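Please look over the sequence and the model shown below before turning to the notes.

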Amino acid sequence: MKLTRLTRRHKTYFTAALFVTPVVLGITLFKIVPIISALRVSFFDYNLLSEMKTYLGLENYRLAVLYDTRFHHSLLVTLVFAVCKVAIQVALGLALAMVVRQKITGIGAVRSMIFVPVVTSMVVVATVWNLIYHPTEGVLNSILSLFGVPPKGFLINPRYALPSVLAMTVWKDVGFTMIILLSGLQSIPETYYEAAAIDGASKIQSFRHITLPLLRPALMYVIVTITVFSFQVFTPVYIMTQGGPLDSTRVVAYNIYENAFVYMKMGYASALSVMLFAIILVISLVQMRIVRGGESA
């Protein structure tokens, strides 16, 4: 009897291990190993076209921190992009979640329409928006011309390039934020709002004292998630602007790509990658600390 129970337990563990193993292997091969490899290469002067590696110690990091003004500029551009994206996407996602929460006919179709861009390839979306932003034949400039507004160089003017890329990424990703916040809104019992209405609370007061506090975990989750992905933005910049014009959209990820595959400085690019990883890690830890502090309070 004891042997049978033991055998069943072993079978259960073995079955669980079979399901978990592909995920563990995938994370190890495509996440952990590249991170360790990048950390190791970051201490070398390594050219992709050459087999030679020269050990430099922390020289790559010293160069990036003290002397690489282009890297400093890319950090600033990325920070501006991330802050704006978080603020706009969270506010817009919350507004949309409040709207699609209503139980009206056809609201399911509206939710699907908003969410479709989230599951669409970023390459496809960026290519389509490239056409929309075209300075002479783009749809957006055609619409503006109907109101007597002269054509705008959305992707060729340093003033408009970063906001244009930002608008596209917010449009694509806002459905994700909406869905997460919608699930949080639906978990709030209606009895809370009914009790507040009986006490004479206005809708604004109910939103401030009921909705926002109870929605805090979902809000902080999307804020952390959007921040992490914003600091890693690359594809739309690569397809739409290539970091220009005048480095106005040169984000850190694109700067890393250029150092690695254009200038062939793989060691230096690896050092920048490690630094970006550290920055994202620190910001995420700070945000999670704020969440824990708010929840305990």
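Is serine 230 buried or exposed? Serine 230 counts as buried, because its relative accessibility is 1% and the buried class covers values under 20%. The model discussed here is a predicted one.

**Serine 230 and its surroundings**
- Serine 230 belongs to helix 10, which covers residues 216-231.
- Beyond its neighbours within four places in sequence, serine 230 is in contact with Thr78, Phe81, Ala82 and Lys85.

**Helix 3 and helix 4**
- Two packed helices are described by the angle between their axes and by the distance between those axes.
- Helix 3 (residues 69-100) and helix 4 (residues 107-115) have axes that come within 10 Å and cross at roughly 160°.
- Helix 3 is therefore roughly antiparallel to helix 4, since angles over 145 degrees fall in that class.
- On the side of helix 3, the contact is made by Leu96, Val99 and Val100, while helix 4 contributes Ile107, Val110, Arg111 and Ile114.

**The loop between helix 11 and helix 12**
- Proline 245 is found in the loop that lies between helix 11 (235-240) and helix 12 (252-261).
- The peptide bond running from glycine 244 to proline 245 is cis, and its omega is near -5°.
- Glutamine 242 also lies in the loop between helix 11 and helix 12, and its phi is near 50°, a positive value in a residue other than glycine.
- Glutamine 242 counts as partly exposed because its relative accessibility is 42%.

**The loop between helix 12 and helix 13**
- Methionine 264 is placed in the loop between helix 12 and helix 13.
- Phi of methionine 264 is near 65°, which is a positive value in a residue other than glycine.
- With a relative accessible area of 21%, methionine 264 is partly exposed, because that class lies between the 20% limit for buried and the 50% limit for exposed.

**A nonpolar patch on the surface**
- A nonpolar patch on the surface is formed by Ile35, Phe277, Leu281, Leu285 and Met288, which together have about 460 Å² of accessible area.
- Helix 13 (residues 266-296) supplies the largest share of this patch, namely four residues.
- Phenylalanine 277 is located in helix 13 and, at 45% relative accessibility, counts as partly exposed.

How values were computed: Residues numbered from 1 in each chain as written. Predicted model: local features only at pLDDT ≥ 70, side-chain atom pairs only at ≥ 80, totals over all residues. Heavy atoms only, no water. Patch = residues over 30% accessible without salt bridge, like charges linked within 9 Å, V, L, I, M, F, W, Y side chains within 5 Å. Areas by Shrake-Rupley, 256 points an atom, 1.4 Å probe, with all protein chains shown as cover. Salt bridge = Lys/Arg side-chain N within 4 Å of Asp/Glu carboxyl O. Helix = DSSP H or I, 4+ residues; strand = E, 2+ residues; numbered from the N terminus. Buried < 20%, exposed > 50% of the residue type's maximum accessible area, 1.4 Å probe, protein only. Axes fitted to C-alpha atoms, helices over the stretch in contact; angles between N-to-C directions. Parallel < 35°, antiparallel > 145°, perpendicular 65-115°, else oblique. Contact = heavy atoms within 4.5 Å.
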